[in-house]
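Me: I am new to this structure, and I would like to understand the terms used for it. Could you take my questions one by one?

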Amino acid sequence: MNSRKNSVDRIALPGRRKITDLVVRTLCLVATLLALVPLLSLLQFVIVRGAGGLSWDLLTQLPRPVGEPGGGMANAIVGTLVLVGLASCVGIPLGITTGIYLAEYGHTRTARVVRFSADVLSGVPSIIVGMFVYGLMVVTMKRFSAVAGGVALAILMLPTVARSTEELLKLVPTSLREAALALGVPRWRATLRVVLRTAAPGIATGVMLAVARAAGETAPLLFTALNSRFWPTSLDRPIASLPVQIFTYAISPYEEWHRQAWAAALVLVALVLILNVAARFFVRHRTDAR
Amino acid sequence: MMKATESFVPTAEKGRVVTIAERESAILPAEKIRSVDLRASFGATEVLKGITLPILERQVTAIIGPSGCGKSTFVRCLNRMHETAHRATVAGRVLLDGRDIYRAGIDPVAIRRRVGMVFQKPNPFPTMSIAENVLAGLSLTGERIPHRMELVEKALRQAALWDEVKDILPRSGASLSGGQQQRLCIARALALDPEVLLMDEPCSALDPIATARIEELIHELGDHVTIVIVTHNMQQAGRVADHTAFLYMGELVEYGPTDRVFTRPAEQRTEDYITGRFG
Amino acid sequence: MAADTHETRTANRGDLVFQRLIVVGAVVMVVLLAAIALELTRESRLSLSASGVRFLGSTAWDPVKELFGGLPFIYGTLVSSFLALLVAVPVSLGVAIFLVELAPSWLRGPVGFMVELLAALPSVVYGLWGIFVLVPWLRGGVEPALARSLGFLPFFSGPSQGFGMLAGGLVLSIMILPTIASVSREVLRAVPNWLREGALALGTTRWEMIRGTVLPFARSGIIGAVILGLGRALGETMAVTMVIGNRPKIAASLFAPGYTMASVIANEYTEATGDLHLSALAEIGLLLFAVTLALNALARLLVWRVSRVAVQGSRR
């Protein structure tokens, strides 16, 4: 133990400790930079190669058979919008009501089971969800369809929307809830009119992130929406989508298709990025201060 | 603002604060710490606006004042803890044995070794046992600890906790009562043999009986260690402190021997605060 | 008075209807999980009765001869996920510690956002990048270099093929990194600040404070984060399918092509040649589902425990 006599020495920090501290700090910084390398490389390639393949035709034309130059993937863009729209119609309302349930009635045992299921469901591989919907809808309807694809994406959106809605509703101060109840407003009305409205921007963020994720999903569409070379005409027919199209083109041996895959990736990444940045914009209040 | 009665009030310009009353109280203890025009901010908000104050060696100095007056910030500047907070900055000097602890080349880590701290809320490490908590300052910094048990016993005895915990040393520090936890934190600080002990409202989370024990402890420790205690409780300051400084809105209003500050305050604002007219 | 009771009753009825409505919505979540389990079991019944548990130990996979053994896929999934953890765990812990404990506050937001972006990018885009950027880089540079320096090890021997286990593992590591990093970041954030102050006031350096108090407190949550990452790696499909080579053979070399459970489902499910083939794929799916389910449940419990302890601690 140090004696107080040499208190002048006590001002100096042993070099070993200082060096260890510095080394670990540097390692953490290096790790962070290392983590950003793939992101930057990926964005760089998607932008450079994607811009090279991007054309008006790509956005407006149907795909052409192999060997014929030109053509586009307009049907896949429309298809992705249709699929995401379908998924949103089912997934968002159901997710939000589940979130309300968890936030407002969340202390019961049922609620705990539901919350746990939501967390576990969000970790189920998307390909498994694809298999499930295949058995549930494709087999029974005897055909691949846009509806089946939409349902698969909805199942994937559901837990994300529910849990983020719950978290945001919990942030609404109890005093606000009580203020509404004290005015003689029934609970359900207070929940919908006051609590939900207060949390709306945050919920919108959660929803947008879930939509962005669904838009990029490929695996569950392989057995449900399948793919198509034509314009979507009916919801009970197979439908094209950007992710599946990128997959098909990327693993093909054709140069022209590779070019189009990069261009489609640029469109998809732009869509996902816009949704993410917009979602960020909605929640200014969630600062990163600890 | 410090002009009213020259003799009792610190003069910021020269950094001289020895008062007539102190001269009267005969032998002057040495100065252990002196803050000189100390300013501290959170972002753009300045919470300390130039404080010059001596802390006398082996004496208990109480810092009193209404909440938000900067008293916690002041003691946190004395061991360079203030700067660990978000967007916190410090200007001015703090002399420890006459040497500025904010001068270039000084590692705050070494300063905190010499100037220990006890927090408002007892904060024993929940992942460590009672004994490990006492030794935490040494074990966390990777120091070799030759006589573990002797050291644990010595520190716990100093903190007047030994008799209560000697049979349950392997238990978690979190299993103790609030008052015991706080004394464990004092033992943890004492195990490093600090020259100064800063106590930031150490009793505000405790019940009256636990508070009385801590105050007793402060009395005993005051003979060996320089103690600075922040309190919003004036009776407490009156009971434990040799000297009292009154802070208001980030400025030092008055400093002097505790008896004098409480019985014959030189400043109207001190009197108002002490008599409960605000704060 | 009468009007009063009437109104009270309608309000209560409104509440009751509302509550029932949203309970029904919420229960869908539980029903879905059960339905997935049931459906996969039903689909894999044929394979379960035909080969049962032996299925897991058999290495032969030949749909033409109706030979279905799951081992190559289990092996491929485990090895690629293990590789992914090996790379991603240290890096993402570094990221999390940097973001919570070390980075200046102006940097935390932007860097955190970029890490989350890594998680937001579609899997198929990673696959595309993997095929045209990562695989050529591995084939042309990394794998020959590894073979030269560490070629005496069986993992780094054999021809550099690019498409293979190493590529699969690396793509996976990039994809699970943000999961582990952001969950760990949340766990570290849940560590109460008084713990840090207590350590710093004893004269510890930042790293001594982190290692001695923050990490022990957050340990089970960080383990949870890693398990969540593992769950994601096991089930990740597209990117891996695009770079791992898709050959159902067990090879010691990481340069050689492999196959994962998720990949074989993606590649063969719609083109399954017979009922037994389809059923065998469903059995692989069932196994994958069960494993990820268990891992996720475990991970959630661990993460949840840290935040609960933190809450209790701050209440004290």
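Reply: Happy to; we will go through the terms together, starting with how the model is to be read.

Me: What should I know before reading it?

Reply: This is a predicted model, in which local features need pLDDT of at least 70 and side-chain atom pairs count only at pLDDT 80 or more, while totals for chains, interfaces and linings use all residues. Residues are numbered from 1 along each chain as its sequence is written, chains are lettered from A and ligands numbered from 1 in the order in which they are written, and side-chain values use heavy atoms, with hydrogens and water left out.

Me: What makes C:Glu208 and A:Arg17 a salt bridge?

Reply: A salt bridge needs a side-chain nitrogen of Lys or Arg within 4 Å of a carboxyl oxygen of Asp or Glu. Here the N to O distance is 2.7 Å, so the pair qualifies. The count between chain A and chain C is 1 salt bridge.

Me: Which part of chain A gives the largest share of the side that touches chain C?

Reply: That is helix H1 (residues 15-53), with 20 residues; helices here are DSSP runs (H or I, at least four residues). In total, 80 residues of chain A are in contact (heavy atoms within 4.5 Å) with 80 residues of chain C.

Me: Why are 57 residues on that side of chain A called nonpolar?

Reply: Because Ala, Val, Leu, Ile, Met, Phe, Trp, Tyr, Cys and Pro count as nonpolar, Asp, Glu, Lys and Arg as charged, and the others, Gly among them, as polar. By these classes, the side of chain A has 57 nonpolar, 14 polar and 9 charged residues.

Me: What does "buried" refer to in the area between chain A and chain C?

Reply: Buried area is the accessible area (1.4 Å probe) that two parts lose on being put together, summed over both. For chain A and chain C this comes to about 7300 Å², and carbon and sulfur atoms give 79% of it.

Me: How is chain A divided into domains?

Reply: An automatic or database domain assignment sets the bounds, giving domain 1 (4-53) and domain 2 (56-282).

Me: How confident is the predictor in chain C?

Reply: On pLDDT, the predictor's confidence in each residue from 0 to 100, chain C has a mean of 89, and 94% of its residues reach 70 or more. Over residues 1-5 of chain C, the pLDDT is below 50. Where pLDDT is low, the predicted coordinates should not be read in detail.

Notes
Helices (H or I, at least four residues) and strands (E, at least two) are DSSP runs, numbered from the N terminus.
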